[in-house]
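Subject: Structure for you to look at

Hello,

Here is the structure I said I would pass on. Please open it beside this message; my notes follow below.

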Amino acid sequence: MKKIAAGVIAGAILMVGAQALGASSSLVGKAIQAEYTVKVYGKKLADPAIVIDGKSYAPVRAIGELAGFNVSVKGKTISLDDKVQQAPPLSDERSSLVGPAPVSTPDPALTAAKSKIEIIDEKIDSVVDNILATSSLLKASPGNADLKQRLEQYKADYADLLKQKDQELQK
């Protein structure tokens, strides 16, 4: 969510900056009317935002990098992209030499193990809820032998489920 908000802010700054450049021939020689401190996620940037002729200009690279984007400049275009590594596109020459991408099929044993672990995790969550509820009831009536026995059974079930999960993880 923070990256989206930072991206929207950076995009708005870029649009305002592009409009300002289109409206005026040059900002060179114009007086800076004000400087503002810029914070992204509570971190103060070293470079301030400035105001020239009533328009704000902020350091896009610093904002983008602090927000977790890759910032690049190509010609007169500034790009803010996610830091996810993307594979370079194949050129026409290489794509004719390379066949279709192989489709990987999930390993059935791995899928089964994941399903078993998910089921065990659900059981663990249920047992933990029972332990917490029984512990609360036991605090209200500490002499209740039935609650004590039930709590011990839940704890034993919990230990068994943890062993089952460890066994599945080791497979």
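Asp-146 is partly exposed, because its relative accessibility is 43%. Here buried means under 20% relative accessible area, exposed means over 50%, and partly exposed lies in between (1.4 Å probe, protein chains only). The model is a predicted one: local features need pLDDT of at least 70, side-chain atom pairs count only at pLDDT 80 or more, and totals for chains, interfaces and linings use all residues. Residues are numbered from 1 along each chain as its sequence is written, and side-chain values use heavy atoms, with hydrogens and water left out.

Salt bridges

Asp-146 forms a salt bridge with Arg-150, and their closest N and O atoms are 2.9 Å apart. A salt bridge is a side-chain nitrogen of Lys or Arg within 4 Å of a carboxyl oxygen of Asp or Glu. Arg-150 is partly exposed at 37% relative accessibility. Both residues lie in helix 5, 4 residues apart, which is about one turn of the helix. Helices (H or I, at least four residues) and strands (E, at least two) are DSSP runs, numbered from the N terminus. An α-helix has 3.6 residues a turn, so residues three or four places apart point the same way.

How many salt bridges does a search of the whole structure find? The search finds 4. Another of them joins the side chains of Arg-61 and Glu-65 (3.3 Å, N to O). Arg-61 and Glu-65 are separated by about one helical turn, because they are 4 residues apart in helix 2 (residues 60-66). Arg-61 is partly exposed, with a relative accessible area of 41%, and Glu-65 is partly exposed with 41%.

The side chains of Asp-121 and Lys-165 also meet in a salt bridge (2.7 Å, N to O). This pair links distant parts of the chain, with Asp-121 in helix 4 and Lys-165 in helix 5, 44 residues apart. Asp-121 is partly exposed at 26% relative accessible area, and Lys-165 is partly exposed at 23% relative accessibility.

The 33 residues of helix 4 should span 48 Å at 1.5 Å a residue, and its end C-alpha atoms are 49 Å apart, which agrees. The expected span is 1.5 Å times one less than the number of residues. Buried residues of helix 4 include Ala-113, Ile-117 and Thr-134. The buried residues of this helix pack against helix 5.

Glu-168 lies in helix 5. Is Glu-168 buried or exposed? Glu-168 counts as buried, because its relative accessibility is 13%. Leaving aside neighbours within four places in sequence, Glu-168 is in contact (heavy atoms within 4.5 Å) with Ala-113, Lys-116, Ile-117 and Ile-120.

Nonpolar cores

A nonpolar core is a set of buried Ala, Val, Leu, Ile, Met, Phe, Trp, Tyr and Cys residues joined through side-chain atoms within 4.5 Å. The largest one has 9 residues, among them Ile-120, Val-127, Tyr-154 and Leu-161. Helix 4 (108-140) and helix 5 (145-170) each supply at least two residues of this core, and helix 4 gives the most, with 5 residues. A second, separate core of 7 residues includes Val-38, Val-40, Leu-45 and Ala-67.

A strand pair

Strand 6 (residues 69-74) and strand 7 (residues 77-82) pair in the antiparallel sense over 6 bridges; pairing needs at least two bridges found by DSSP. Val-73 stands opposite Ile-78 in strand 7.

Regards
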